[in-house]
Amino acid sequence: MALTNAWLRAERLRSQLLDGRRRAPLDVVTRLGAVQAQNATASRWAIGVRASGATSADVEHLFESGVAVRSWTMRGTLHVVRADDLHWMLSLTSGRQRASAAREAVQRGISEADFDRAASSIAEHVAEHGPATRIEALEALERAGIDVGNERGYRFLRDAAFRGFVAWGPNRGKQPQLVALRTDPGIDRDEALGRFITRYVIGHGPATVRDFAWWSGLTLTDARRAREVAAADVEGVDLDGAEYLVAPGRAEADIRSRASGVHLAPAWDEYVLGYGDRAPVLPPVHALKVSPTGNGVFLPVIVANGRVAGTWRHVVERGVLTAATEPFEALTASQLRGFEKATVGFGRFLGTTAS
C-alpha cells in the first residue's frame, strides 16, 4: 500500500502533539522547536492545546522561570522558543532577517551605525536595570539621544533581538518585558543546521525540505545542506513522488493510520503555518477563509480528523466562554460533540466555564 495524505495527516497530528495527552508546556516548545507567536495570547493557547490539562498560568510560568522566551527567531516573525535554543537558531537566521530589515530601514533614514548604537543602549539598559517594557526601552533610547519616531523604535528593539541581546520574557501586568540573554559560545554551523532540521521534523513531520526552508526562513541551499547533515537523524519516505522527512522509526508507522478528533487551534497555529505547502491539511479552495486578507493574518481554525474544517471565534463575558464555528461544510454530529469538548478544554485553560 502506498502512503497517502490521510496517513500524513495522522502523522502530523502525532508529531505536533495534537493528541490530547497530558504533558508539560516546556515539552511542547521543545518538541515543536518554535511556536509562532506574533500574537502572544494565541501562542499561549498553541502550547496549551498541546499540553492537555495545562492552564494559561502554567504556560506563563515558562517565561517567568526563564526557560522560554519570545523573539524574532525567523522570517521576521515572533516565535516562542526555549531560551537555550535561541542563540544557535539566530546564528542561522539573524543574518537574512537583519538584511531584510535593513532594506526597509533605509526608507526611514536608519543607518547600520544607528542600529549598532541602539542595540548597545538597549542591552546596557536591560543589563543594568533589569527587565524593561517596550515603553521603558524606548525611553532609554530617547535619553541616549536616539530618535525613535516614525516606527524607528520598533525596528531598534527588533534588531537588538535579532542580535541575541534581548528577548521578550514574562509580563509585568499586561505588558511583556525585554530580558537580557546570557552569552552563548555557539555551535558549528553544520551542527546547527542538522539540529534545526531534526527538531523541525520531529515536531512537524512528515514534511519536505522545501517546507523546512519556508518555515525556517533559510535558503533552499541551506535547507538541503541541513538534510545532508541530518541524514542519520531523519528518515525519508516517498509520497506521490516527493520525499517527506519523518522522525526515526516513523517510516515504519502503520500506513493505515487515520487522523481523528477535533481540535481548536489558535490563530497562526503551527499546524497550518508550519509548512510551505498546506494543501494536505488545508484545501486551497478554503485558504482565503483562513487567511481572508492574504497578507499574513490567519484565523483560529477547527481541525477535524486532521483537516482544517473551518474557523472559530470566542468571547468571554462575566467569566463565561462562548465559542462559535464557521465551518467550511456542515460539521457532523460527532464533530460538533468534539467541538463542544474542545471548547470546555479551552475554557479550562483560560480559567473560565464554557457555555
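This is a predicted model: local features need pLDDT of at least 70, side-chain atom pairs count only at pLDDT 80 or more; totals for chains, interfaces and linings use all residues.
**Exercise 1. Describe how helices α10 and α11 pack: at what angle do they cross, and which residues meet?**

Solution. Two packed helices are described by the angle between their axes and the distance between those axes.

Step 1. Helix α10 spans residues 209–216 and helix α11 spans residues 220–229. Their axes come within 9 Å, and the crossing angle is roughly 120°.

Step 2. Angles from 65 to 115 degrees count as roughly perpendicular, and those over 145 as roughly antiparallel. The pair α10 and α11 is therefore oblique. The crossing of these two helices is right-handed.

Step 3. On the α10 side, the residues that meet α11 are Val209, Arg210, Phe212 and Ala213. On the α11 side, they are Leu220, Ala223, Arg224, Ala226 and Arg227. Sorted by class, this contact has six nonpolar residues, three charged residues and no polar residues.

**Exercise 2. State how many aromatic pairs the whole structure contains, and characterise the pairs Phe115 with Phe156 and Tyr200 with Phe212.**

Solution. Step 1. A search of the whole structure gives 12 aromatic pairs.

Step 1. In the pair of Phe115 and Phe156, the ring centres are 5.7 Å apart and the planes stand at 80°. Planes over 60 degrees apart count as edge-to-face, and this pair is classed accordingly. Phe115 lies in helix α6 (residues 112–129) and Phe156 in helix α8, so the pair ties together parts that are 41 residues apart in sequence. Both Phe115 and Phe156 are buried.

Step 2. In the pair of Tyr200 and Phe212, the centres are 5.5 Å apart and the planes form an angle of 45°, which makes the pair tilted. Tyr200 lies in helix α9 (residues 189–204) and Phe212 in helix α10, so this pair links parts 12 residues apart in sequence. Tyr200 and Phe212 are likewise buried.

Step 3. Tyr200 and Phe212 also belong to one aromatic cluster, together with Trp88, Phe196, Trp215 and Tyr275.

**Exercise 3. Locate Arg152 and describe its surroundings: which residues does Arg152 touch?**

Solution. Step 1. Arg152 is a residue of helix α8. With a relative accessibility of 10%, Arg152 counts as buried.

Step 1. Not counting residues up to four places away in sequence, Arg152 touches Arg108, Gly109, Ile110, Asp114 and Asp147. In sequence, Arg152 and Arg108 are 44 residues apart, while their C-alpha atoms are 7.2 Å apart in space.

**Exercise 4. Examine the backbone at Pro206, Asn305 and Arg318: where does each residue lie, and what marks its backbone geometry?**

Solution. Most residues other than glycine have a negative phi, and most peptide bonds are trans.

Step 1. Pro206 is situated in the loop between α9 and α10. The peptide bond leading from Gly205 to Pro206 is cis, with omega near 0°.

Step 2. Asn305 has a positive phi, near 55°. Its place is the loop between β10 (301–304) and β11 (307–317). Asn305 has a relative accessible area of 36% and is partly exposed.

Step 3. Arg318 also has a positive phi, near 55°, and lies in the loop between β11 and β12 (320–327). A relative accessibility of 88% places Arg318 among exposed residues.

Key:
Residues are numbered from 1 along each chain as its sequence is written. Side-chain values use heavy atoms; hydrogens and water are left out. Axes are lines fitted to C-alpha atoms, for helices over the stretch in contact, and angles run from 0 to 180 degrees between N-to-C directions. Helices (H or I, at least four residues) and strands (E, at least two) are DSSP runs, numbered from the N terminus. Angles under 35 degrees count as roughly parallel, over 145 as roughly antiparallel, 65 to 115 as roughly perpendicular and the rest as oblique. A crossing is left-handed if the near helix is turned anticlockwise from the far one by less than a right angle, and right-handed if clockwise. Contact means heavy atoms within 4.5 Å. Ala, Val, Leu, Ile, Met, Phe, Trp, Tyr, Cys and Pro count as nonpolar, Asp, Glu, Lys and Arg as charged, and the others, Gly among them, as polar. Rings of Phe, Tyr and Trp (its six-membered ring) pair if their centres lie within 6.5 Å; planes under 30 degrees apart count as stacked, over 60 as edge-to-face and the rest as tilted. Buried means under 20% relative accessible area, exposed over 50%, partly exposed in between (1.4 Å probe, protein chains only).
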